[in-house]
Amino acid sequence: MRVLSGIQPSGSLHLGNYFGMMKKMIEYQEQEDLFCFIANYHAQTSLRDGKILARGTLEAAANFLALGMDPEKSTFWVQSDLPEVQELTWVLSNFTPMGLLERCHSYKDKITKGIAANHGLFAYPVLMTADILLFQSNTVPVGKDQKQHVEVARDIAIKFNNEYGEVFTLPEPEIDDDVATVPGLDGQKMSKSYGNTIDLFAEEKALRKQIMRIVTAPIDVEEPKDPDTCNVYKIFRLFMDKEQDQALRQRYQAGGLAFGHVKQELFETVRDFFAPYAERRKELLDNPEVVRQILAQGADKARYAATKTLRKVRKKTGLVY
Ligand code: ADP
Ligand code: TRP
C-alpha cells in the first residue's frame, strides 16, 4: 500500500505536527511503501522571504530525518525538486469545478482572517491533489484540518478517470481519532497561527515557559479533577502507555493534584523525549550537504514513480503528439 503525506516547511515544529502526522509517517515506513515530502510550493502561499523558505526547507528535512525518517526505507524528497507536479496541477485544474474549491474550509477560514485572496491560496487544493495523484497514493495520513483536501483529490481523480479510464488510484484520508486534534496551550487546536504551540526543539527554558502557560481551570488543589477537560492531561497522555495513563487519571480523580506539579512532570517528559532527536538534528543542520544529498536521492526515487503517471496523463490528454 502506498502511503503519502507532506508537511509545509513553515515555522518551528510543534507537538500537533508530531503526533498528528510525523510520528505515524515514521512508523509507516516499516510496513508500507511510504512517500513523504516537504511541501515548499505550498508554503509559498504564506511565505515571501526566499531565505526563510530555503532555510525552513532544510530544517524541515533535518527534523524528519532526526526523528527517524529513513531514506532507505522510504521515498523522502522536497516538492520543488519535482516540478513535474506543477504540470499535473495544470492538467487537473481543468477537472476542478470552481465550487469545489470555493467550499474548502481552509480557504474560507484564511479569507475570513483577512488574508488576501489570491490564486495560489485558492488553487492550493489542486496542487495538493497533484501531489497525491502523481504518486498513485492509496492512503494519506493528515490532521483533521486537511481531510477535506484529500476528499477534493478523490473527487478530481474520479472526474479524470471518468473521462480517460482508470489512470489515478483513488486516495483515502487517514485520521487517527486518538490524536485527530492535538490541543494547544489554550485548548484550541495547536497551531503556529494561534501562537499556542509546544515546540519539539525549543530551548529548555522556552519549552518550560510554554508548558507553564497551559491554561487550567481554577480548581483547589484538594478538589478531585476531571482529566478529560484538562489541557495538561490531554497533552500529557500522548506520551503515555495505557498504564501510565490510568495512573495519571487516578491522580486527577483522587484530589490533591497541583497543576504546577503535573506541568513540571510534563515539561521533563517532553524535554527528555526529544533530547536525543535534537542532538541528531543539530548534527544534520551542521552538515547541510549531507541533507541535500539525501534529498537529491529521494527526488530521484520520487521522479521514477511520477514519470510513470505523467506519461499516461500526457498521452491520454493529448500532450503527446
Ligand atoms: P499549523 O496548524 O501549525 O500551521 P500545519 O498546517 O503546518 O500546522 O500542519 C502540518 C501537519 O500537521 C498537517 O498534517 C496537519 O494536519 C498536522 N497538524 C497540525 N496541527 C495539528 C494538531 N493540532 N493536531 C493534529 N494534527 C495537526
Ligand atoms: N497541505 C498540507 C498542510 O498544509 C501539506 C500537504 C501538501 C500535503 N501536499 C500534501 C499533505 C499532500 C498530504 C498530501 O499540512
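Biologist: Is Arg 314 buried, partly exposed or exposed?
Modeller: With a relative accessibility of 31%, Arg 314 counts as partly exposed, where buried means under 20% relative accessible area, exposed over 50% and partly exposed in between, using a 1.4 Å probe and protein chains only. Bear in mind that this is a predicted model, in which local features need pLDDT of at least 70 and side-chain atom pairs count only at pLDDT 80 or more, while totals for chains, interfaces and linings use all residues. Residues are numbered from 1 along each chain as its sequence is written, chains are lettered from A and ligands numbered from 1 in the order in which they are written, and side-chain values use heavy atoms, with hydrogens and water left out.

Biologist: Okay, and which side chain does Arg 314 meet in a salt bridge?
Modeller: Its partner is Glu 87, at 2.7 Å from N to O, and a salt bridge here is a side-chain nitrogen of Lys or Arg within 4 Å of a carboxyl oxygen of Asp or Glu. Glu 87 belongs to helix α4 (residues 84-93) and Arg 314 to helix α13 (residues 288-317), so this pair ties together parts that lie 227 residues apart in sequence. Helices (H or I, at least four residues) and strands (E, at least two) are DSSP runs, numbered from the N terminus. Glu 87 is also partly exposed, at 26% relative accessibility.

Biologist: Why would two such side chains pair up at all?
Modeller: In general, side chains of opposite charge can pair when their charged atoms come close.

Biologist: How many salt bridges are there by this rule?
Modeller: The count comes to 19. Arg 292 is partly exposed at 41% relative accessibility, whereas Glu 289 is exposed at 53%.

Biologist: What about Lys 147, which residue does it pair with?
Modeller: Lys 147 forms a salt bridge with Glu 151, the closest N and O atoms being 3.2 Å apart. Because they are four residues apart in helix α8 (residues 147-164), about one helical turn separates them. There is also a network of salt bridges that links Arg 55, Glu 59 and Arg 281.

Biologist: Switching to ligand 1, which residues come nearest to it?
Modeller: There are 17 residues around ligand 1, and His 14, Asp 145, Val 182, Ser 191 and Lys 192 come nearest, where a residue is near if one of its heavy atoms lies within 4 Å. Helix α1 (residues 15-28) gives the most to this shell, with four residues.

Biologist: How far is an oxygen atom of ligand 1 from the side chain of Asp 145?
Modeller: An N or O atom in the side chain of Asp 145 is 2.8 Å from a ligand oxygen, and for Ser 191 the distance is 2.9 Å. The protein covers 91% of the 540 Å² of accessible area that ligand 1 has on its own, a Shrake-Rupley value with a 1.4 Å probe.

Biologist: Last one: where does Leu 257 lie?
Modeller: Leu 257 is in the loop between α11 (242-254) and α12 (259-286), and its 4% relative accessibility means that it counts as buried. Leaving aside neighbours within four places in sequence, its contacts (heavy atoms within 4.5 Å) are Val 221, Lys 225, Arg 251, Tyr 252 and Val 262.

Methods
A polar contact is a pair of N or O atoms within 3.5 Å; within protein, one must be able to donate a hydrogen and the other to accept it, and residues adjacent in sequence count only if both atoms are side-chain atoms.
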